[in-house]
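Here is a short note for a colleague who has not looked at this structure before. The points are numbered and can be checked against the model one by one.

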Amino acid sequence: MLEVRDRSDRLLVSLPMPQGEGWCLEWNHSVEGFAVLDCYRNEHGRMVLESSHQPDFAAGLGHVPGRGRQVSDGHGGYWIKDIHEPVPGDRYLLRVGAPRVNHRLVVEDKTISLSDLAAGQRVSIGLRPVPAV
């Protein structure tokens, strides 16, 4: 399961995330306002950063040589693909941005605004194994 929990461990979002499936965290860049994506995948129960889409080389963005490969998106921005970076502990902490930043989870055709649920709060985003029945 992909879960988002608040500081007191209260469950805010829970989504099925089978092996091999993925999701993105999308947000609006705080200075430029355009959408940025970090995309993850469930690889055998591990949370792995796969790619990132960045429409510009704005503050805080950019490709780090040796960490994936940068390719044009054909619209003036770029993708960083093939990152394959496991997230330590299969979970990370995020300070959710204000509504104008609008941190949101994107899973297939579903978008969930974390800013609507927890703007200004610290949350954890991660994979939790589903117990066998």
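1. Start with the aromatic residues. Trp-23, Tyr-40 and Tyr-92 make up one aromatic cluster. The model is a predicted one, and the count of aromatic pairs in it comes to two. One of these is the pair of Trp-23 and Tyr-40, which is stacked, with 5.7 Å from centre to centre and 15° between the planes. Trp-23 lies in strand β3 and Tyr-40 in strand β4, so this pair ties together parts that are 17 residues apart in sequence.

2. The structure holds one disulfide, and it joins Cys-24 to Cys-39 with an S to S distance of 2.1 Å. Cys-24 belongs to strand β3 (residues 22-28) and Cys-39 to strand β4 (residues 35-43), so the bond ties together parts that are 15 residues apart in sequence. The torsion about the S-S bond is about 100°, so the disulfide is right-handed. Both ends are buried: Cys-24 has 15% relative accessibility, and Cys-39 has 10%.

3. Next, the nonpolar core. In soluble globular proteins, nonpolar side chains tend to be buried together. Here the largest nonpolar core has 29 residues, and the members that touch the most other members are Leu-2, Trp-23, Leu-114 and Ile-125. Leaving aside residues up to four places away in sequence, the contacts of Leu-2 include Val-13, Leu-15, Met-17, Trp-23, Leu-105, Val-107, Ile-125 and Leu-127.

4. Val-106 lies in strand β10 (residues 104-107). Val-106 and Leu-25 are 81 residues apart in sequence, yet their C-alpha atoms are 6.3 Å apart. Beyond residues up to four places away in sequence, Val-106 touches Trp-23, Cys-24, Glu-26 and Thr-111. Among these contacts are one residue of the stacked pair, Trp-23, and one end of the disulfide, Cys-24.

5. Where is Ser-51, and what does it touch? Ser-51 is in strand β5 (residues 46-54). It is buried, with a relative accessible area of 13%. Not counting residues up to four places away in sequence, Ser-51 is in contact with Leu-37, Asp-38, Cys-39, Trp-79, Ile-80, Lys-81 and Ile-83. Two of these contacts, Trp-79 and Lys-81, also meet each other: the charged end of Lys-81 sits over the ring of Trp-79, 5.6 Å from its centre.

6. Last, the chain as a whole. It has one helix and 12 strands, and along the sequence these follow the pattern β-β-β-β-β-β-β-β-β-β-β-α-β. Of the 133 residues, 45% are buried. Among contacts between residues at least 6 apart in sequence, 52% join residues at least 24 apart. The accessible surface comes to about 7400 Å², and carbon and sulfur atoms account for 52% of that surface.

Terms used:
Residues are numbered from 1 along each chain as its sequence is written. This is a predicted model: local features need pLDDT of at least 70, side-chain atom pairs count only at pLDDT 80 or more; totals for chains, interfaces and linings use all residues. Side-chain values use heavy atoms; hydrogens and water are left out. Helices (H or I, at least four residues) and strands (E, at least two) are DSSP runs, numbered from the N terminus. Buried means under 20% relative accessible area, exposed over 50%, partly exposed in between (1.4 Å probe, protein chains only). Contact means heavy atoms within 4.5 Å. A nonpolar core is a set of buried Ala, Val, Leu, Ile, Met, Phe, Trp, Tyr and Cys residues joined through side-chain atoms within 4.5 Å. A disulfide is a pair of cysteine sulfur atoms within 2.5 Å. Rings of Phe, Tyr and Trp (its six-membered ring) pair if their centres lie within 6.5 Å; planes under 30 degrees apart count as stacked, over 60 as edge-to-face and the rest as tilted. A charge sits over a ring if NZ of Lys or CZ of Arg is within 6 Å of the ring centre and within 35 degrees of the ring normal. Accessible areas come from the Shrake-Rupley method with a 1.4 Å probe; for residues, only the protein chains shown count as cover.
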